[in-house]
Structures are given as structure tokens and as C-alpha cells.
Amino acid sequence: MTWDITGLGAVASIGDDPRKIFDALCVGRSGVAELRVFDVSKYRAKHAYEIDDRAVPGVDEPGRATKWLRQAVSQALADAGLDSSHGEYPILVGTTLRELRSAELWWRHRTPLALPNLHFGGALRSGFGTAESHTVASACAASLYALGMATDLIELGFVDTVVVAGTDSITESSYGALDRLQNLTPRSVRPFHADRRGMLMGEGAVAVVVRKPEVHGGPVHARVRGVSMNCDGAHPTMPDAASIARAIRESHDRAKVRPDDIDMVITHGSGTKQNDLAETVALEDVFADVALPPLVTSIKSSAGHTCGGSGLLSFVMGVLSLRNGAVPPILGLDDRMEEAADLRLVHGEPALGDLSTAQIHSIGLGGINAVAIVEKAA
Amino acid sequence: MSAHVTGVGLAVSGLASLDNLLRPTSDGVEPSLNGKGMRHKDRASRLALLATGHALRDAGLGEVNGDRVAVVVSSNFGNLDTACEFTDIIHTETVTGISPMRVPHMSSSVTACWVAIEYGLRGPNLTMCSGTPSGLDAVFWARNLIAIDRADVAVVIGVEPDTIPVAELHKANGGHRWLDGAVALVVESTEHALRRGVRLRARVGGYGKGPEPRAAITSALGKYPRPIELCVSASGAAGLPAGVRTVDLTNRLGRCSGALGVLQCATAVAWFDESGPDAVLAVAGCVGDGEGDETGSAALVLTSPRTALREDVA
């Protein structure tokens, strides 16, 4: 079966709704800036793609990931023409870090932290009336995992409509851990660049409304054809190209498409040496026999790595690419990595064309992979 | 496609064996967290690895195609210690003080990843962090992964470590006792289990979620025709069937949080192992769980394999 996407919502450093984010990607605007609240003397990296919304500049506050989640879900429900107050729709939230930033502020500064506020159930119940929410923390593949879980819920006949979301705010512990792990110090994310220096975190939330096709008569943005999910089971920090290729092939099987049906790929493209190489190898493998391989891009050069929400944000940008016939470019890709010589990487200007099917990657720490196939609504 | 529990593993402070869930003993036991694969892991992951090993052996799953085995972890406080300790290290020593070996622990999914790596489990890898209903949710999602043919087997793990930040957070929120441990279930497609000839321990039945226990229970029971013989729940939860024996794990173990629902399912298995007949109702996410997490309730029906097979045939 296929699943209708009837509502979109998103908030990120480069825009506070999906259209503004897509336009920012297309004109090559970046959300990168110097760290706004962390003590820069404690880190080697100094930059991130934060949302600049703190009440007092330079002073952090709890609950930001929850706040953006509510914004994104509200946007998606409104876009789908659904009343948000009755709570009849389950909400699945993909997140890497939950409200661990609120936990850090509790630990360091003794701001109050109630146990339920580590997850998003309370905010979703008070904001949208739903008691049926699930916080899915499958690393940075979490929100595409949540999309796959939502399609399963509908296919198994439990519900007709699910809201899928993702959200993350940057924590000191994850920013610091990443900084410790990376040999070089990036000032921006440069996917597939010869001189890429690693990943920088971003902030934001994203949401989509997923519906069983027959149950509504409203407009449809796009149709999900299938979502795969797997795990390398190999290494805690190094991605595995063969496992990523396995996830791509499984997504094609589930979607009942062939490699030559894919017009565009939004990669995970996090700008680390290992990730971009592993994705390149996987793409070269899967599309080896295709005469005109798909266009390839990443949105992280503009939006940063928005962690658990990043896969679904790529998905929403993929939906808008299909609707607009335009694939946003990778910002700053003036010298591509040698291994990616044969990829049709989009750079400079958006690539225009009649696009029907997009492939979206999400690759989380610990080798957690998800791949979604989405097609343009007729 | 129906699913059965075919293996259980425990690594819980104070529980020596599965039947201790039904009949507490006074003998305290501590999980042994040393040995192969335990170095450089956070406490939650070490507890989970130990419980998973027990569960896989219990299910006779030595040789299995890891591509078809999912991992579903439920934990609310699993990596809280890492987040808190890293911020302390950053402030005192800068990021150079963080051990690279501990970097993966920043992710809330770290336990599920270590389990996948240690046991070669390459199917879907889920971590649920949805408060006290999360453990029953995890069993529901495991069954879905099997029903939709993403996996033949799912290892479901409920884990909550007793670390310093976890203890402080509980105390700051009115807690006096809380769990230190992990429990793992092997949930398997019935067809796969019968083909292997392994003993079925409990059938995963109806699941419901709702704003309070009564709605979740009504939804979980659905049209289930037979009487419930045992409730595993906070006693006095609204909507529990009248006159049925209730086992309240939080009375003995304290707050179980994300591990609660998985421990409740293990209790059902212990009951069926002792030829307890028919059905067990598990309920998590109620006022009586004592965590102040009233964002929602979940309920799950587990049935005896003897009853269940008759239903599957019918």
C-alpha cells in the first residue's frame, strides 16, 4: 500500500515553516553561527546551527525541543486541515536527545525537572489532547524510524491517521562528545566536500500527517511508498556502507520501485569523512547499473545536523522538491571529494526537472539506518 | 501473524530468578557486570547485555540470522548519567577530558546499539522513552515489527540503572526506591518459534493506550472472551477487573519506569510457566506507579500458550 502525506510542519535555524526552510536551501542560506549559550572556552568547535529564540540572549532555558515540537505538530495538523484539540491521532516523535538539555540545566543549575518532562508525552497531551504518543529515540535515524512505524500502524489496521514528528535541541554533553570524537574542527557542515571537516549540530523540529489514502478527500502533498529500517550491528561510531546499501535495497523492495525509478536522493550527508564516504559507496553500489543515476543532495550544509528530526526534515524537503520540481543544492560544494566523482551532486543552483520519486536517507550513531521512498502525488 | 514470548532474561538487583517476580525471596542478589563485552559500557548497557544473553539462551537462540532480529529497548533514565557527567567534565576539564570510549553513550539509543553489536542483531533497532507506559509500548512495537514482516524475532529490553544522577532526580521528585536492573524478552513470530520447536511461554495479545488505565484496559481487552486470572499493575488502578489477584511490582522494586512493562510481561511468563491458566492483564502508567507520570496509560493482555494455540487454530 501507499500512505498519503497531507500535512507538513517544520522549524529550523533557517526558517520557521517548511516553505521558508526550502526557500533558504534553494538560495543557499546557512543557519550556522557561533555558539550562543555554551562557554566557548570549553570546546574546540565554536559553531552550530541553533535556533536563536532564547528570551535572554546568552542564557539557556529548558523545554526548547518541546516548544518546537508543538509548533511543528500544530503546523502539520493545520496544513492537513485537521482539528488538533481532540487527541484522536497518535503522535510518534523521533528524537536523539529527548529533553536531555533540560536535564543538564537541572543538573548544573538546579532548574526544576519533573520525570515526565524528559519525554514529550505531557506536552503532546496538554497541547493536542492525545494520550497516545510515543517518544522514539533511535539516534539520528529516529524520525524516519517513526515514519516507518506510523506506516506499519496504518497497514496493520490500528489507525487511519498518524502524526509523525522529530525534534532536538543541542545538549552540551552531545556537542562536547562530538567535538571530542572529531579530529578536525568544522566551522560549517560541508557534505561530500574534499575538505569536509566533520559534523556540526543543528536545532529544530518537524512534523508530517500520514493518512490512509481512502479515508480522506483532502489534498495530498506526496505519497510514502515504503520505509526500511535496519542496524549495522558492527561499530558504535563508524557507518557501514554494505549495511546502508542493504537498507536502500530494502526500501526499494518495500516501495516496489527499481533503482532507475529514483529521481533524487537526499542523503544523510552529515559532512563527516566516514559518513559521506559510506553513503557514496552505498549509492555507487545500488545505482551501478542505472544509465542516469539520481540527483544527490544534502540539506545539512544549510540547516546543520538536526539530530533525531534530521531524517524527517530531509523527507519534508524531499516532498517540497517533488512538488516544486527543484532539488536544493549542497551549499559551498566547490570541490567535491574524489570518491564521489561519479555522483550527480547538486551544487551552485537548484537542479530543476520533472521529479517523481525521491529517496531519503537517515543514518544514526551506532549504525541505525532508515531509508524512505516518497513519490509525487498525481 | 501472532507472536509469543519464547525467552526471558533478568539482571535485576534483588531478583535471583524469574519466579521471584511472583514470590519474593529475602536473598539479595546483584547482577555481575564484569566479563566479556562489558568494558567501557554504561551501566544501563551492561545490565541490558547481561539480561539479553540470558534471554537468548533461554530461547535457544544460539544460531540466528541477525538480519531478521530486531532490538526494542525501553528506558527513561538509561543515559542520564552520561549527559550529567559529561557536562561536569566539560566544565572542569573542557571537552578534552571526555573519554572517546564513552562518546557513544551520549545518545539515548546507546543500549540498543551495544546489544545489536554484541549479539549481531541487524534488524530494526528501536529505543522507546515514553515514560512508565514505555515498556508495554515496546512489546507492542516488537509485535508490530514481526506482524509487518520486518523481523522474525525481537529482543525487548526494559532497563533502568541506579546511577547518581538517576537517584538525585528520583529524590527531587519524591522517590524513595527505584529499580536497578534490566529484563529482556525474546518475542518471536509464532510460526518461527514452532518451526524451531522451541517452547512457547506467553502469547502477546491485545494492547491499548489511553489517557487513564480504564481506557487503555478497555482497548486492550477488546473482545477477549475469557476471564483475566492475574493483573500485574499498580493495585487499585481504575478499570481493573474486580476480584482478580493483582501483583504490584512497584511495591517491591520501587519505581520501575521504562522497565516496568517488560517486567510485568516477565511476571506473566513466570505465571504461565507454573501452569497458571488463561490470561494476564498488565497495566503501566497509572497514579499508583508513583512516578507522577500521568501522561498516559498502556495495557497489554498476555495469554497462556495453551489457550493461545487453541485460539490461533480457531
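**Close-up 1. B:S257 lies in the loop between α8 (249–253) and α9 (260–273) of chain B.** Helices (H or I, at least four residues) and strands (E, at least two) are DSSP runs, numbered from the N terminus. The structure is a predicted model in which local features need pLDDT of at least 70, side-chain atom pairs count only at pLDDT 80 or more, and totals for chains, interfaces and linings use all residues. Residues are numbered from 1 along each chain as its sequence is written, and chains are lettered from A and ligands numbered from 1 in the order in which they are written. Phi of B:S257 is near 50 degrees, a positive value in a residue other than glycine. Most residues other than glycine have a negative phi. B:S257 is buried, because 33 other C-beta atoms lie within 10 Å (buried: 20 or more other C-beta atoms within 10 Å of the residue's own, with C-beta atoms placed from the backbone).

**Close-up 2. A:C307 occupies the loop between α9 (300–303) and α10 (310–324) of chain A.** This residue, which is not glycine, has a positive phi near 55 degrees. With 31 other C-beta atoms within 10 Å, A:C307 is buried.

**Close-up 3. Chain A meets chain B through 57 residues of chain A and 53 residues of chain B in contact.** Contact requires C-beta atoms, placed from the backbone, within 7 Å. On the side of chain A that touches chain B, at least two residues each come from α3 (100–109), α4 (121–128), β5 (133–136), α5 (142–155), α6 (172–181) and β8 (222–231). The largest share, eight residues, is supplied by α6(A).

Terms used. A residue is buried if 20 or more other C-beta atoms lie within 10 Å of its own, exposed if 12 or fewer, and partly exposed in between; C-beta atoms are placed from the backbone. Two residues are in contact if their C-beta atoms, placed from the backbone, lie within 7 Å.
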